[in-house]
Amino acid sequence: MATRLAVTDTKLAIVTEDLWRVYKIGNNIEVQALRGLNLEIEPGHFIALKGRSGSGKTTLLNCLSGLDRPTSGSARVLGYDLSEMNDRQLTRWRREQLGFIFQSFGLLPTLSAYENVELMLRIKGAPARERHKRAMYCLDLVGLRKWADHRPYELSGGQQQRVAIARSLANEPRLMLADEPTGELDSETAREILGLFQTIVDEEQITMLMASHDPLVDDYVDMILQLKDGQLAT
Ligand code: ADP
Ligand code: MG
């Protein structure tokens, strides 16, 4: 990545120090969504971020991806101090190094599975041959090679989430952030997706941080971080 920014820490995937995010709503009302979080996450692990609704999971993911700016404290992600990057640098960094998976899949309905994945490589400006190779590799990884030409509405919820996973892998991210990725799936399908995440973390050697309040995830992850009212619960 063409940038003057110093890589401050290459060993840990994520480090936060005294991270606060306070939302101001109205004149005198504040919501303290994150209250002084100190995190250290090693690379190559599958980590669950658990906690009740409102405990700060989504806010934390947004601060770690640079979609949101913390009120105070610091976040270093993949060696980059996010506070040192401007919005353009953050956008580019996100596109090159991060993958995202959401509860609602977020596929483009008029595009086939293949086209949804390949679009990410077009945005990146990859040449046609490389786009094809990588898109098929990613669809293969999630077990959907045969479904490449199908549109989202022809696929089950689990298959749609697999397409979304293939899409998030297209740019060879080093870190995947998933926000309630099994929230709309039945428990059998949720287990399949969680098993797939395990395989991907192992085979692609990436770090995966997954916000979820699904008890199923405990069986699949390497580590659980429990959030309570914006702080780590022990
Ligand atoms: P979770 O993902 O664990 O459900 P969130 O990070 O969405 O939790 O929310 C944490 C707290 O911050 C909640 O009290 C929520 O209402 C509040 N919050 C989240 N986003 C905003 C926002 N944009 N403006 C004001 N308050 C917010
Ligand atoms: Mg949330």
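# A tour of the predicted model

Start with the largest nonpolar core, which has 42 residues; Phe 46, Leu 139, Ile 165, Phe 197 and Met 210 have the most contacts inside it. A nonpolar core here is a set of buried Ala, Val, Leu, Ile, Met, Phe, Trp, Tyr and Cys residues joined through side-chain atoms within 4.5 Å. Buried means under 20% relative accessible area, exposed over 50%, and partly exposed in between (1.4 Å probe, protein chains only).

This is a predicted model, in which local features need pLDDT of at least 70 and side-chain atom pairs count only at pLDDT 80 or more, while totals for chains, interfaces and linings use all residues. Residues are numbered from 1 along each chain as its sequence is written, chains are lettered from A and ligands numbered from 1 in the order in which they are written, and side-chain values use heavy atoms, with hydrogens and water left out.

At least two of its residues come from each of β3 (46-50), α3 (113-124), α4 (128-141), α5 (157-169), β7 (175-179), α6 (187-204) and β8 (207-211). Helix α6 gives the most, seven residues. Helices (H or I, at least four residues) and strands (E, at least two) are DSSP runs, numbered from the N terminus.

Next, select Phe 46 and what surrounds it. Leaving aside neighbours within four places in sequence, Phe 46 is in contact with Leu 194, Phe 197, Gln 198, Val 201, Met 208, Met 210, Tyr 220, Val 221, Asp 222 and Met 223. Contact means heavy atoms within 4.5 Å.

Then select Ile 14, Leu 37, Leu 39 and Leu 227, which are among the 28 residues of a second, separate core. In soluble globular proteins, nonpolar side chains tend to be buried together.

Val 31 belongs to strand β2 (residues 29-41) and counts as partly exposed, at 38% relative accessibility.

Move to helix α3. Its buried residues are Ala 113, Tyr 114, Asn 116, Val 117, Glu 118 and Leu 121, and they pack against α4 and α5. After the helix comes Gly 125, with a positive phi near 85 degrees.

Now show the side chain of Glu 118, which is buried at 7% relative accessibility.

- Glu 118 and Arg 122 meet at 2.9 Å, N to O. Both lie in α3, four residues apart, about one turn of the helix; Arg 122 is partly exposed at 46%.
- Glu 118 and Arg 131 have their closest N and O atoms 2.9 Å apart. Arg 131 is in helix α4, so this pair ties together parts that are 13 residues apart in sequence. Both residues are buried.

Another salt bridge to select is Glu 192 with Arg 162, whose closest N and O atoms are 3.5 Å apart. Glu 192 lies in α6 and Arg 162 in α5, so the pair ties together parts that are 30 residues apart in sequence. Glu 192 is partly exposed at 39%, whereas Arg 162 is buried at 17%.

**Aromatic pair and loops**

The whole structure has three aromatic pairs. One to select is Phe 100 with Phe 102, stacked at 6.1 Å centre to centre and 0 degrees between the planes. Rings of Phe, Tyr and Trp (its six-membered ring) pair if their centres lie within 6.5 Å; planes under 30 degrees apart count as stacked, over 60 as edge-to-face and the rest as tilted. Phe 100 is partly exposed at 23%, and so is Phe 102 at 42%.

Continue to Phe 105, in the loop between β6 (98-102) and α3. Phe 105 is buried at 8%, and its phi is positive, near 70 degrees. Finish at Glu 184, in the loop between β7 and α6, which is in contact with Gln 103, Ser 104 and Phe 105, leaving aside neighbours within four places in sequence.

Conventions: A salt bridge is a side-chain nitrogen of Lys or Arg within 4 Å of a carboxyl oxygen of Asp or Glu.
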